[in-house]
Amino acid sequence: MDLFSNLATGFGVALSLQNLAFALGGVFIGTLIGVLPGLGPVPAIAMLLPSIYTLDPTAALIMLAGVYYGAQYGGSTTAILINLPGESSSIVTAIDGYQMARKGRAGAALAAAGLGSFFAGCVGTLVLAAFAPALAGIAFAFGPAEYAALMLLGLIGAVVLASGSVSKAVGMVLLGLLLGQINTDPLSGVERFSFGIPELTDGLGFVAVAMGLFGFGEIIGNLNRPSESREVFTRDVKNLWPTGEDFRQAMPAVLRGTALGSLLGVLPGGGAILASFVSYTLEKRVSKTPERFGHGAIEGVAGPESANNAAAQTSFIPMLTLGIPPNPVMALMIGAMVVMGITPGPKVMVENPDLFWGLIASMWIGNLMLIILNLPFIGIWVKLLTVPYRFLFPSIVCFCVIGLYTLSNNNFDIYLAGVFAIIGFLFIKLRCEAGPLLLGMVLGPMLEENLRRTLLVARGDWSVLLTRPISGTLIALSVVMLVSALLPAIRKRRDNAFRD
Amino acid sequence: MKSFFASMAIVLTGAMTTIPNMASAQNRIFVGTVAGSDLDGLARRVAEVLAASDGSRWIVENRPGSGGALGFDAIKSAPADGTTLLMAPSGAMTLTPHTRGNLKYSLADVAPVSRVAGFDVAYIVSAKVPATTLKAYIDWVKQDNSRAVFATPQFGGIPHMFGIKLGRAAGVPLDNVAYRGGGSQLITDVVGGHLLAASSGVAEWLREHQAGTVRILATSGTKRAPQLPNVPTFQELGYKDLVASISYILMAPAQTPKATIDGIAARVNKGLTDAKLREALTAQGFVVDGTANPATVAADLRAEHKYWGDLVKETGFKMPN
Amino acid sequence: MRIKSEVDFWSGVVFIVVGLAFAMGATEYRFGTSARPGPGYFPLGLGLLLAIVGIIELIGALGRERNDADRITSPIWRPMLVIVAAVLGAGFLLPRAGMLITLPLVIVLTCLATSDFKFREAFGLAAVLTLGSWLLFVVALELRIPVMPTKI
């Protein structure tokens, strides 16, 4: 088997002591960055780059890959522990993960996320090794029309995501879409809803809004409870490890999430976010007990986390096979490769087999290091939750404020998060879920841009959205999903009307 | 609680080891984008060059926002003593002031130090377009008006204006589809044939051109791009007036003493002659410069400012507010 | 007709107000046509859509019987006011006074959000967090955060 001999080459390269050390170092830095609210992998990598140029290329890339995975897992950790999604792809994790933590099951949630990610990472690595050239084509099959249809499907998924009333979820998605309209319209250069504030012309920052709505909003909400129920974390921290029942529930979700993530990860822009919440939607749909979702369903953590990590793996495909970076982290990695004299693209496999297979093997090792590093950490994280809340929340506020400032070395994001803290508290009072809003805010601009690009290219002909096979299929799926979400709600409303 | 403080203590002791680094004063280079952009990467190389030249400490401070305007805000209120610099693309001073009515900075607020590096604008077609030359492409567009669409990485940027100018010069009504600051979707859309042409900076397209998935028909320099010896310039093809480039300029606050500026310029330009650095930047698609003295760079910027001003007046192009 | 569900009723009101506000704001931007949507097309459409959803929500919230589970309990104002003030205050002070002054103030203020706070604990926490943040963010991670007050 070619694949196995290639992988053997790769492990031969990656398993040197030096490379293992770099993988561990990268994962450690990444986890640290990911756990600190507001800090992301991109600035970290940008800062590391100059010192990395002097390293051996394989070691350098192994370390950068480690930072990337570590940051992602760190982001999920804060989502579970303190309801603070570090990046858009962990919004979904926060929904059920944080509820699990509140029920004293933070350990199980973290373990499910970690083990699910590890499994997905292994599969993703194999997919990458076996099908990279074949999957690369998917990225090119997606043009503006296909992206528009995919975003539509994603937004409708966001409605299904909510556990409360459908009309409220629709409202929240629309609200998110409208907040996404605060930007400079990329197609016409018009500054929309910026009120002359220069910082608003780049759009509302995701991290600031998420921190306000989720992080600060949750703190205010918690402090509104009587102090006995506030300390719910501490009272009954159950076993750190998932139970057999947990494994039984999580396993199918992990498998489905991995498959979804592997496919969607290939798409540049938004692949990982979409993967995580399409997975959540799917789990809620297929579950026999969908009412558990939103209240600490382990599938709702394991599925999206697996999807997210599988996507992180396969997002390397366009980069390695074509030299096209799907996200800013990859763009930096390409920059690093180029500086070290490697031209990413179809030829990397042939010209630098050591590097190509070494990198693939090191991704797997990075995932392994992540789990080795983080499983023991789970105990520490859960301990952290036993810190009395009156110490915990000022610490969260302190770290968030610093993180917000460092986003763009500007205090505007701090103000923004402060304003969204009020809004987040209002939502809690009105029982509106903020998850769909955030997803709308992230996906909305992409939907609008791609739809308008489609129309510009097609000279105003909307029917291309239906006649192109991929976008047509995606739109049909969206309609089915919307109808299946609305029908029960309409029926219920009618029943209620009769009862009145 | 105990373990919380214990873990804190570990972090603290780890951090202690780096304290000596904090002693020396820091000089700053502002960048108006987030960390990780190509401009940011270039600025970090300049910071290294400056630090290596005399052991001083230089760091890059990102001030993203409002299309780079916040970087200019930062430099306007910075001390004019050579400790604070700004790195920005030339278009931010030569084109944007003509198109954006509400801009709070101008060329007069800064004193150029060095033209560090740059690249030309390229006109690119997808491999799915039958034309292999610019002339064939123009003829192909003229056959069917629905083909007259070109993509640009950013609305109102130099590549966009350049595309407009090309359309006027060639007599085809080229329609623009803008993306959000370039990135991978623009490239995949053109490679996938969803958009058939693009006007964009050369650097991002070199790999695709070499792989044959797109064709660069012409570049905008007065000379051919060094990475593309077989691609003609627009001037060679008879478009005498189609010359443009995107260059990254290192600047100081306007009141900085001339001697200070000249001193920094000498250090940067000398550092840019390093063969290894040049090779690395060239591979990324840059054309390394660092040859002109500050006065020449300033004169060039004023000429560029007039060039784009004339075009904007001629076309009536305006960023809507 | 009475308000059956207060929660839904006021959500509807929020949706209507925000939707209409965006729709009105959007009229300043070119609408374009359906074949060539301008920058005002989406915000106007989405704003009106949100207002419609708000109206549906509002009507659904009306009924004869009052649903007590859906009443909006009056909030405890102290935590919200204190947290928001702390965050906004931090935003104002950080670039001016630097983190060594800002953080202790903000942390002690934040501690005031609960009634079971003790001065000694708050000051202790402020000291530990400020020192820890300085070492972690400024020294170890070398982030660009103002440390000392700027001399203006």
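Which residues does V35(A) touch, not counting residues up to four places away in sequence? The first legend below has the reply. Everything shown here is a predicted model, in which local features need pLDDT of at least 70, side-chain atom pairs count only at pLDDT 80 or more, and totals for chains, interfaces and linings use all residues. Residues are numbered from 1 along each chain as its sequence is written, while chains are lettered from A and ligands numbered from 1 in the order in which they are written.

**View 1. V35(A) and its surroundings in chain A.** V35(A) touches G74(A), T77(A) and T78(A), leaving aside residues up to four places away in sequence; contact here means that C-beta atoms, placed from the backbone, lie within 7 Å. V35(A) belongs to helix α2 (residues 17-35) of chain A. Helices (H or I, at least four residues) and strands (E, at least two) are DSSP runs, numbered from the N terminus. V35(A) counts as buried because it has 22 C-beta neighbours inside 10 Å; the cut-off for buried is 20 or more other C-beta atoms within 10 Å of the residue's own, with exposed at 12 or fewer and partly exposed in between. From V35(A) to S76(A) the C-alpha to C-alpha distance is 8.2 Å, across 41 residues of sequence.

View 2. Strands β5 (residues 149-152) and β6 (residues 175-178) of chain B run parallel and are joined by four bridges; two strands pair if DSSP finds at least two bridges between them. Look for A151(B), whose bridge partner in β6(B) is V177(B).

**View 3. Strand β7 of chain B and its antiparallel partner.** Strand β4 (residues 110-126) of chain B is linked to β7(B) by five bridges, and the two run antiparallel. V121(B) stands opposite G201(B) in β7(B). Strand β7 (residues 197-201) is mostly covered, with five of its five residues buried.

**View 4. Where chain A meets chain C.** In this view, 50 residues of chain A are in contact with 57 residues of chain C. On the chain A side, the elements giving two or more residues are α8 (166-180), α9 (206-223), α19 (389-408), α20 (412-430) and α21 (434-457). The largest share, 11 residues, comes from α19(A). This side of chain A divides into 28 nonpolar, 12 polar and 10 charged residues, where Ala, Val, Leu, Ile, Met, Phe, Trp, Tyr, Cys and Pro count as nonpolar, Asp, Glu, Lys and Arg as charged, and the others, Gly among them, as polar.

**View 5. I83(C) in the largest nonpolar core.** A nonpolar core is a set of buried Ala, Val, Leu, Ile, Met, Phe, Trp, Tyr and Cys residues joined through C-beta atoms within 7 Å. The largest one has 323 residues, and those with the most contacts inside it are V401(A), V46(B), M87(B), M251(B), I83(C) and V87(C). Not counting residues up to four places away in sequence, I83(C) touches F216(A), I219(A), I220(A), V397(A) and A421(A), along with T110(C) and A113(C).

Technical notes. Contact = placed C-beta atoms within 7 Å.
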